[in-house]
Every structure is written in structure tokens, then in C-alpha cells.
Amino acid sequence: MSLQQAQNNEWYFTSNATSHMSSCSDLSHFSSSRYPTPQSVVVGNGSLLPIIATGNTVIPPSLHLNNVLVSLQLITNLISVRQFIIDNKFCRV
């Protein structure tokens with residue numbers, strides 16, 4: 001089984017992800033992955049995907065996604081609902 005890079009810039013909300021994740025490397029503040037960023041993530045089929053970097057992005061008009069984990073093997077860009085609420089200060093944590 002092989003995974004392919006996401007073909008578009010669409011983002012999908014999920015309550016299962018603990019972090020935002022993307023295969024796009026065109027995020028702002030793009031940087032090499034470093035502690036405490038995980039070195040890999042486990043996806044639904046049990047595969048481990050390596051994290052190559054982290055970054056931030058904004059979904060127009062002004063919704064922030066911070067600390068997005070980048071793995072070139074992801075096939076869908078995911079928004080963690082919990083992290084999205086924190087990033088955009090919709091409630092106090």
C-alpha cells in the first residue's frame with residue numbers, strides 16, 4: 001500500500017486528530033521538526049508517517065492553524081477541532 005500526496009489545498013475538520021496535519025510544505029513560519037514535535041504520527045490504518053517539519057497557516061479570512069505537522073505522505077489535510085478552538089481563542093482552556 002502506498003500513500004500519495006494531497007492533490008488540493010482543502011482542509012477537513014476531525015475530532016480524532018490531536019494536531020493539525022498537512023502534506024503541504026508551503027506553510028508560513030516553516031521550520032525543521034524539533035522537540036517536542038513528534039517524529040511520526042499514526043494514521044487510521046496503523047501506518048507510521050514521518051513528520052518532516054512544522055508550520056503555521058491562515059485560512060481566509062483570519063482563522064489560524066498553528067503548529068501544523070507536515071508529512072509528505074498524508075493524503076488529506078486535517079484540522080484538529082480541539083487545536084483549532086485553542087488557536088483561534090474560541091474558549092478558555
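A residue counts as buried when its relative accessible area is under 20%. Ser-71 is at 1%, so it falls on the buried side of that cut-off. Keep in mind that we're looking at a predicted model here.

**Around Ser-71**

Ser-71 sits in the loop between strand 7 and strand 8. Leaving aside residues up to four places away in sequence, Ser-71 touches Ser-22, Ser-23, Leu-49, Pro-50 and Ile-51. One of these neighbours, Pro-50, also shows up in a polar contact: its backbone oxygen is 2.8 Å from a polar atom of the Ser-71 side chain.

Is Phe-84 buried or exposed? With a relative accessible area of 9%, Phe-84 is buried.

Not counting residues up to four places away in sequence, its contacts are Phe-13, His-20, Leu-63, His-64, Leu-65, Ile-79 and Phe-90. Take Leu-65: it is 19 residues from Phe-84 in sequence, yet their C-alpha atoms are 6.5 Å apart.

Here are the accessibility values for the residues picked out in this report:

| Residue | Relative accessible area | Class |
|---|---|---|
| Ser-71 | 1% | buried |
| Phe-84 | 9% | buried |
| Asn-67 | 53% | exposed |

**The strand 6 and strand 7 hairpin**

Strand 6 (residues 53-59) and strand 7 (residues 63-70) run antiparallel and pair over 6 bridges. To get your bearings in the pairing, find Thr-54, which stands opposite Leu-69 in strand 7. The two strands are joined by a hairpin of 3 residues.

That connection has a detail worth a look. Pro-61 is located in the loop between strand 6 and strand 7, and the peptide bond joining Pro-60 and Pro-61 is cis, with omega about 10°.

Which residue has a positive phi although it is not a glycine? That would be Asn-67, with phi at about 55°. Asn-67 lies in strand 7, and at 53% relative accessibility it counts as exposed.

On confidence, the mean pLDDT of the protein is 80, and 75% of its residues reach 70 or more. Which elements mark the ends of the range? Strand 3 (residues 28-32) has the lowest mean pLDDT, at 60, while strand 8 (residues 77-80) has the highest, at 93. Then there are residues 1-6, where the pLDDT is below 50. Even so, that stretch has 16 contacts in the model beyond near neighbours in sequence.

Terms used
Residues numbered from 1 in each chain as written. Heavy atoms only, no water. Pairing = 2+ DSSP bridges. Helix = DSSP H or I, 4+ residues; strand = E, 2+ residues; numbered from the N terminus. Buried < 20%, exposed > 50% of the residue type's maximum accessible area, 1.4 Å probe, protein only. pLDDT = per-residue confidence, 0-100. Contact = heavy atoms within 4.5 Å. Polar contact = N/O pair within 3.5 Å; in protein donor to acceptor, adjacent residues only side chain to side chain.
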